[in-house]
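Thanks for coming. I have one structure to go through today, and I will keep it short.

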Amino acid sequence: KRGDFIDIPTPKIKETISNISNLEVLSLNSAQITEIPPFVRCLTRLRKLGLCDNEISDIPRQLRHMIRLHELDIGGNNLQTFPDHITSLFNIRHLN
């Protein structure tokens with residue numbers, strides 16, 4: 001089934017996802033990451049992205065190009081300020 005939810009253990013993330021171009025939902029919740037992996041911005045069909053409960057301190061500007069993104073969960077990270085460029089994600093319906 002296209003667009004199924006996939007939950008990947010942290011050590012296997014990059015090698016598993018690098019060839020998945022039709023992925024629509026990605027959960028990296030509690031994955032003990034300190035930054036959003038660069039390959040995430042290449043997932044142009046992504047509609048839901050879970051990044052909660054990590055050690056992320058910055059949201060890269062490249063995420064503003066993810067125009068299909070409807071849900072973004074960045075709660076429980078080390079963000080000091082809310083990134084202005086998140087507001088350019090005009091399709092966001094749920095932001096935590």
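I will start with the overall picture and then turn to two residues.

This is a predicted model, in which local features need pLDDT of at least 70, side-chain atom pairs count only at pLDDT 80 or more, and totals for chains, interfaces and linings use all residues. Residues are numbered from 1 along each chain as its sequence is written, and side-chain values use heavy atoms, with hydrogens and water left out.

Helices here are DSSP runs of H or I with at least four residues, and strands are runs of E with at least two. Of the 96 residues, 38% are buried, meaning under 20% relative accessible area with a 1.4 Å probe, protein chains only.

Now Asn54. It sits in the loop between strand S3 (48-50) and strand S4 (71-73). Is Asn54 buried or exposed? Buried, because its relative accessible area is 2%. A polar atom of its side chain lies 2.9 Å from the backbone nitrogen of Gln32 and one lies 3.2 Å from the backbone nitrogen of Ile33. Beyond four places in sequence, the residues in contact with Asn54 (heavy atoms within 4.5 Å) include Asn29, Gly76 and Asn77.

Asn29 also comes up with Ser27: their side chains are joined by a polar contact of 3.2 Å. That term means a pair of N or O atoms within 3.5 Å, one able to donate a hydrogen and the other to accept it; residues adjacent in sequence count only if both atoms are side-chain atoms. Ser27 itself lies in strand S2 (residues 25-27) and counts as buried, because its relative accessibility is 11%.

Key: Buried < 20%, exposed > 50% of the residue type's maximum accessible area, 1.4 Å probe, protein only.
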